[in-house]
Every structure is written in C-alpha cells, then in structure tokens.
Amino acid sequence: MEIFGQVKFPGSYPSTSNLKAVLDIAGGFDDPLYRKSIRDDEIMILRKDENQFYGLEFQTSYEKSDQFELIPEDKIFVYEDYKYNNNFIITISGEVQKKGSFPLRSEMTVKQAINLAEGLTPLGNPEA
C-alpha cells in the first residue's frame, strides 16, 4: 500500500490490515507540532474495484483509523491543514534597493512589495 501527503515519511509500506498502524509508521501523528499541520479528520483511502473505473473511495479520521481495515494496493491520502501552514514568502530581486525574501501579506500589490525592498534603484523603471 502507498501513503501520500502530509506525513513525515510518504511512500510504499508492507501490507497490514490496520490503517492506524500504517499512519503511525508514516509518522507525524505522534509529533504535537507536526500534527497541527495535518487534517486528521479527513483521511482518504482509494481501493481498486473491478466493477468501477475509478474504484472505491473511503473517508475516515485518525481517531477512527484503528477501525478501518486495509487491503493490499490501497492508496492512503493525508491532507495538509492550509490554515496552519500559511506562511508564504516572496523573493524580490532586480533593480531594488534591498533584494531578498519578504513575508507575503493578504492582497499585497507589486508596489507594496517594491516598497518593502526600499524602492527602485536609479536604473529601475516603474513602468516596466
């Protein structure tokens, strides 16, 4: 079986019958800081099915994962909590006074980003 997404060690694992066992091996659920980045209430499992083109889809939580029985070739998806990992940066280079990385703020404009970089150099063109 394979596990994808927001775990410390995504990849292929030997077959086991219990979802919780695979999640614990893949890591992150026992780390209090890392756990904040996981949407542990929405774990998705895809399973092959000869009667359907896309197969079967199951959803469970980490809390109930010990009750979910896996079969070989199941695919497990663990999603990231976007509200926790939302520190974005921008990198400003070119004809600015202070090149570097800066925090991206909501609804930031290009002009505001240039101001963070202390403005344009004499060679900078505000119309470019």
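I take contact to mean heavy atoms within 4.5 Å. A reminder to myself: this is a predicted model.

**Entry 1, around I76.** I looked up what I76 touches, setting aside its neighbours within four places in sequence.

Next I asked which residues of the largest nonpolar core touch the most other members. They are L23, I43, I76 and V78, out of 17 residues in that core. I then checked where the members come from: α1 (19-26), β3 (43-47) and β5 (75-78) are the elements that give two or more residues to this core. The largest share comes from α1, with four residues. I noted a second, separate core of six residues too, and I92, F102, A113 and A117 are included in it.

On to the backbone. Most residues other than glycine have a negative phi.

E73 has a phi near 75°. I located E73 in the loop between β4 (56-60) and β5. Is E73 buried, partly exposed or exposed? Its relative accessibility is 45%, so I list E73 as partly exposed.

E107 has a phi near 60°, again a positive value in a residue other than glycine. I found E107 in the loop between β7 (100-103) and α3 (110-116). With a relative accessible area of 74%, E107 goes into my notes as exposed, because exposed means over 50%.

Definitions and conventions: Residues numbered from 1 in each chain as written. Predicted model: local features only at pLDDT ≥ 70, side-chain atom pairs only at ≥ 80, totals over all residues. Heavy atoms only, no water. Core = buried A, V, L, I, M, F, W, Y, C linked by side-chain atoms within 4.5 Å. Buried < 20%, exposed > 50% of the residue type's maximum accessible area, 1.4 Å probe, protein only.
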